[in-house]
Amino acid sequence: IGLLISRAKNKLAPDTEDVTTGSLLRAYNEELAVRNMYDYDDMLLNAYKALQQDDTHQHPRKKYTYILVDEFQDTNELQYEIIKLLNATDNVFVIGDPLQSIYGFRGASAAVFECFKKDWPSSRRIDLIINYRSSAEIVRTANAVFPKAPQLKPYREQPGTVYASEVLNEYSEA
């Protein structure tokens, strides 16, 4: 239920046709208000609304010279819009790997990299291909799984073993 509420809060255009989620969200927000509490998604929404308001020039917005985002592949739509509102100088640096985008259930998508290229057309991509973390076997296996991606090179040639197992679905995998 928490994930359903979080996804609903992070959508900039709420799904008005989903009555169940709407009533669940209203009840949850009412309970938060009674307890005088906010959740993480509320903080994001409030930041977004404040930045939008500042963007109307009713209040002077602080100009940020640099915006740096780590784990960019985990960015959802609301977080991406916040990044765009914070931007003042087009000095935006993101680091991430679209092949490691695993938070789709929270609204993140590797498609955010395409959005970034569209919104910042003068940006440049730099592939970091030396892997300092994993054994050579893991790196070779990753290269085989993603043959069209930039091919990684292991920094360490330490031995290791990769085991593959087949599962029924994402639930049994977890």
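Buried residues, meaning those under 20% relative accessible area (1.4 Å probe, protein chains only), make up 25% of the 174 residues in the chain. This is a predicted model, in which local features need pLDDT of at least 70, side-chain atom pairs count only at pLDDT 80 or more, and totals for chains, interfaces and linings use all residues. Residues are numbered from 1 along each chain as its sequence is written, and side-chain values use heavy atoms, with hydrogens and water left out.

**Overall build**

- The chain has seven helices and four strands; helices (H or I, at least four residues) and strands (E, at least two) are DSSP runs, numbered from the N terminus.
- Read from the N terminus, the order of elements is α-α-α-β-α-β-α-β-α-β-α.
- The C-alpha trace spans about 55 × 45 × 30 Å along its principal axes.
- The radius of gyration of the chain is 20 Å, while a compact globule of 174 residues would have one near 16 Å. This radius is taken over C-alpha atoms, and the globule rule is 2.2 Å times the number of residues to the power 0.38.
- The accessible surface comes to about 13000 Å², and 55% of it belongs to carbon and sulfur atoms. Such areas come from the Shrake-Rupley method with a 1.4 Å probe; for residues, only the protein chains shown count as cover.
- Of the contacts (heavy atoms within 4.5 Å) with a separation of 6 or more, 57% are between residues 24 or more positions apart.

**Helices H1 and H2**

- The axes of H1 (residues 2-10) and H2 (residues 19-34) come within 10 Å and cross at roughly 95 degrees. Axes are lines fitted to C-alpha atoms, for helices over the stretch in contact, and angles run from 0 to 180 degrees between N-to-C directions.
- H1 and H2 are therefore roughly perpendicular to each other, a label for angles of 65 to 115 degrees.
- On the H1 side, Leu-4, Ile-5, Ala-8 and Lys-9 take part in the contact, and they meet Thr-21, Leu-24, Leu-25, Tyr-28, Asn-29 and Leu-32 of H2.
- By class, this contact has seven nonpolar, two polar and one charged residues. Ala, Val, Leu, Ile, Met, Phe, Trp, Tyr, Cys and Pro count as nonpolar, Asp, Glu, Lys and Arg as charged, and the others, Gly among them, as polar.

**Positive phi in two loops**

- Most residues other than glycine have a negative phi.
- Glu-71 is not a glycine, yet has a positive phi of about 55 degrees. Glu-71 lies in the loop between strand E1 (67-69) and helix H4 (77-86).
- At a relative accessible area of 40%, Glu-71 is partly exposed, a class that lies between buried and exposed (over 50%).
- Asp-90, also not a glycine, has a positive phi of about 65 degrees. Asp-90 sits in the loop between H4 and strand E2 (92-94), and counts as exposed at 51% relative accessibility.

**Residues in helices**

- Lys-84 belongs to helix H4 and is partly exposed at 30% relative accessibility.
- Leaving aside neighbours within four places in sequence, Lys-84 is in contact with Asp-119 and Trp-120.
- Lys-84 and Ile-67 are 17 residues apart in sequence, and their C-alpha atoms are 9.5 Å apart.
- Ile-138, in helix H6 (residues 136-145), is 90 residues from Tyr-48 along the chain, with 40 Å between their C-alpha atoms.

Definitions and conventions:
Angles under 35 degrees count as roughly parallel, over 145 as roughly antiparallel, 65 to 115 as roughly perpendicular and the rest as oblique.
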